Amino acid sequence: MRDRIIEILSGVRADVDFEKETELVSGNILESFDIVDIVAELDDEFDIEIGPKELKAENFDSVEAIEALVERLMGDE
């Protein structure tokens with residue numbers, strides 16, 4: 001799952017080292033349009049629905065945070 005998330009992130013922003021970066025949102029690396037693209041890709045890839053209440057900076061600040069969000073949403077189904 002982690003590798004696929006990194007592929008999705010790299011597809012949106014190829015200029016970022018997602019393996020090392022831990023402040024994707026709080027460090028202003030990802031913009032709102034990037035998040036929209038990432039959410040759509042994650043929804044499709046993992047058959048989940050990331051709703052408005054999950055659109056918090058802490059859920060998208062690192063690969064680990066995104067992975068935890070996806071795992072949580074997959075478990076809620």
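A salt bridge here is a side-chain nitrogen of Lys or Arg within 4 Å of a carboxyl oxygen of Asp or Glu. Keep that rule in mind as we walk through this predicted model: applying it gives seven salt bridges.

Let's start with R2, E19 and E64, which a network of salt bridges links together. Within it, the side chains of R2 and E19 pair up with an N to O distance of 3.1 Å. R2 sits in helix α1 (residues 2–12) while E19 belongs to the loop between α1 and α2, so their contact ties together parts that are 17 residues apart in sequence. Neither end is hidden away: R2 is partly exposed at 23% relative accessible area, and E19 is partly exposed at 48%.

Next, look at R4. Its side chain meets that of E45 in a salt bridge, 3.1 Å from N to O. Since R4 lies in helix α1 and E45 in helix α2, this pair ties together parts that are 41 residues apart in sequence. R4 counts as partly exposed at 26% relative accessibility, and E45 is partly exposed too, at 37%.

Then there's D17 with K20, a salt bridge whose closest N and O atoms are 4.0 Å apart. D17 is partly exposed, with 38% relative accessibility, whereas K20 is exposed at 68%.

D37, E41, D44 and D47 form a negative surface patch, and patch members must have over 30% relative accessible area and no salt bridge. Take D37, found in helix α2 (residues 32–46): its relative accessibility is 41%, so D37 counts as partly exposed.

Conventions: Residues are numbered from 1 along each chain as its sequence is written. This is a predicted model: local features need pLDDT of at least 70, side-chain atom pairs count only at pLDDT 80 or more; totals for chains, interfaces and linings use all residues. Side-chain values use heavy atoms; hydrogens and water are left out. Patches are made of residues with over 30% relative accessible area and no salt bridge: like charges are joined within 9 Å, nonpolar side chains (Val, Leu, Ile, Met, Phe, Trp, Tyr) within 5 Å. Accessible areas come from the Shrake-Rupley method with a 1.4 Å probe; for residues, only the protein chains shown count as cover. Lys and Arg count as positive and Asp and Glu as negative; His and the chain ends are not counted. The place of a charge is taken as NZ of Lys, CZ of Arg, CG of Asp or CD of Glu. Helices (H or I, at least four residues) and strands (E, at least two) are DSSP runs, numbered from the N terminus. Buried means under 20% relative accessible area, exposed over 50%, partly exposed in between (1.4 Å probe, protein chains only).
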